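This report is for a reader who is new to the structure shown below. It covers aromatic pairs, sheets and strands, and a helix in turn.

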Amino acid sequence: MNNYCILYNPFSGNGQGKESVKALCRKIGDTECIDMTALDGYEEFFASHPDSHIIICGGDGTLNRFINDTDGIEISNSISYYASGSGNDFLRDISGTAGEVINIDKYIKNLPSCNVNGKDYKFINGIGYGIDGYCCEVGDELRRTSDKPINYTGIAIKGLLFHYKPTAATVTVDGAQHKFKKVWIAPTMLGRYYGGGMMPTPAQDRLNGEGSISTMVFHGTGKLRTLMIFPSLFKGEHVKHEKVISILSGKEITVEFDSPRALQVDGETVLDVKSYTVRAYTDTPLKEKETANV
């Protein structure tokens, strides 16, 4: 008899979570399957499964839920991941293979935290702020009224052309201030990918050993030029546009817009956010740096 226990999210993959569990069971054999959305807490769960190899079945949002719900709990179990989400940016970033069970012990330790509206969140991919948060906000509204698949690309294009207005922003990296005008997006990343394949920080390495995170600021462009550059985010080629793309790396980053906007943490939407602060996991004290204006 195997010693696996599957934690699954029935809402992952546009509601196909249960079907994904069935596919996983066919792969590893019959085993215990638990709906993680129905768990009251993880202390009792881990106490009753001291020797189980845990497999998380879901998408990026499922991983985000797991790392936040278990924050502060010492986990001795081995944790693996079976990707069954709609975006699977974490799987893409670690060069994983769809349909395979992958050990993720080294990836879920020492994660950065984000403070948004007074609440702390851990994240495994990145924080989206700007038109990406807007897309999640609109997508959530559409999901409440329809069961059709959400076309985020279409939402982004319509937002760029008609609905979303850029804002001024101040980005503070390890004490150094950087000011930008007409900011469209300003995500802070642990990995390279978010938003179903966008690569805002192509040089970011989640296991860089320095505990650093990176913020990409897309700024100073009008609607048409923004629309022309935007598709290059999916290949990481937007960095060629050095006058309008700035990437800043550090261990503590605060992004502040001059008006509240929606934000997303690993795809989970938070509304009416004026600023957020991300702190990488590090024991190294931060150093004061000079102020720069852009």
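How many aromatic pairs are there by the ring rule? The rule is that rings of Phe, Tyr and Trp (its six-membered ring) pair if their centres lie within 6.5 Å; planes under 30 degrees apart count as stacked, over 60 as edge-to-face and the rest as tilted. The count comes to 10 aromatic pairs.

The model is predicted: local features need pLDDT of at least 70, side-chain atom pairs count only at pLDDT 80 or more, and totals for chains, interfaces and linings use all residues. Residues are numbered from 1 along each chain as its sequence is written, and side-chain values use heavy atoms, with hydrogens and water left out.

**Aromatic pairs**

The rings of Y129 and F257 are stacked, because their centres are 3.9 Å apart and their planes are at 10 degrees. This pair links distant parts of the chain: Y129 belongs to strand β8 (residues 126–129) and F257 to strand β14 (residues 252–265), 128 residues apart. Helices (H or I, at least four residues) and strands (E, at least two) are DSSP runs, numbered from the N terminus. Y129 and F257 are both buried, where buried means under 20% relative accessible area, exposed over 50%, and partly exposed in between (1.4 Å probe, protein chains only).

Y164 and W184 form a tilted pair, with 6.3 Å from centre to centre and 40 degrees between the planes. Y164 lies in the loop between α7 (152–163) and β9 (167–173), and W184 lies in strand β10 (residues 176–185), so the pair ties together parts that are 20 residues apart in sequence. Y164 and W184 are both buried.

Ring pairs also link Y42, F45, F46 and F66 into a cluster. The ring of Y193 has the charged end of R92 over it, 5.8 Å from the ring centre. A charge sits over a ring if NZ of Lys or CZ of Arg is within 6 Å of the ring centre and within 35 degrees of the ring normal.

**An open sheet and its helix**

Five strands form an open sheet with mixed pairing, in the order β2-β1-β3-β4-β5. β2 (32–35) and β5 (102–103) stand at the edges with a single partner strand each, so one side of each has no neighbour in the sheet. Strands β3 (residues 53–58) and β4 (residues 79–83) run parallel and are joined by five bridges; two strands pair if DSSP finds at least two bridges between them. I55 stands opposite S80 in β4.

Helix α4 (residues 60–69) packs on this sheet and touches β1 (4–8), β3 and β4, and its direction makes about 135 degrees with that of β3. Contact means heavy atoms within 4.5 Å. Axes are lines fitted to C-alpha atoms, for helices over the stretch in contact, and angles run from 0 to 180 degrees between N-to-C directions.

Strands of a sheet pair through backbone hydrogen bonds, either parallel or antiparallel.

| Strands | Bridges |
|---|---|
| β8 and β11 (residues 188–189) | two bridges |
| β8 and β14 | three bridges |
| β6 and β7 | four bridges |
| β6 and β15 | four bridges |

Both faces of β8 are covered, with G126 and G128 buried on one side and I127 and Y129 buried on the other. I127 stands opposite T188 in β11, while Y129 stands opposite L263 in β14.

Strand β6 (residues 113–116) has a covered face, C114 and V116, and an uncovered one, S113 and N115. V116 stands opposite Y276 in β15, and N115 stands opposite D120 in β7. β6 and β7 form a hairpin with two residues between them, and N117 in the turn has a positive phi of about 50 degrees.

I124 lies in the loop between β7 (119–122) and β8. I124 is buried, with a relative accessible area of 0%. Residues that I124 touches include L63, I67, F90 and Y107, not counting residues up to four places away in sequence.

**Helix α6**

Helix α6 (residues 131–145) has 15 residues, which at 1.5 Å a residue should span 21 Å; its end C-alpha atoms are 21 Å apart, which agrees. The expected span is 1.5 Å times one less than the number of residues. Among the buried residues of α6 are I131, Y134 and V138. The buried residues of α6 pack against β8, α7, β10, β14 and β15 (268–279).
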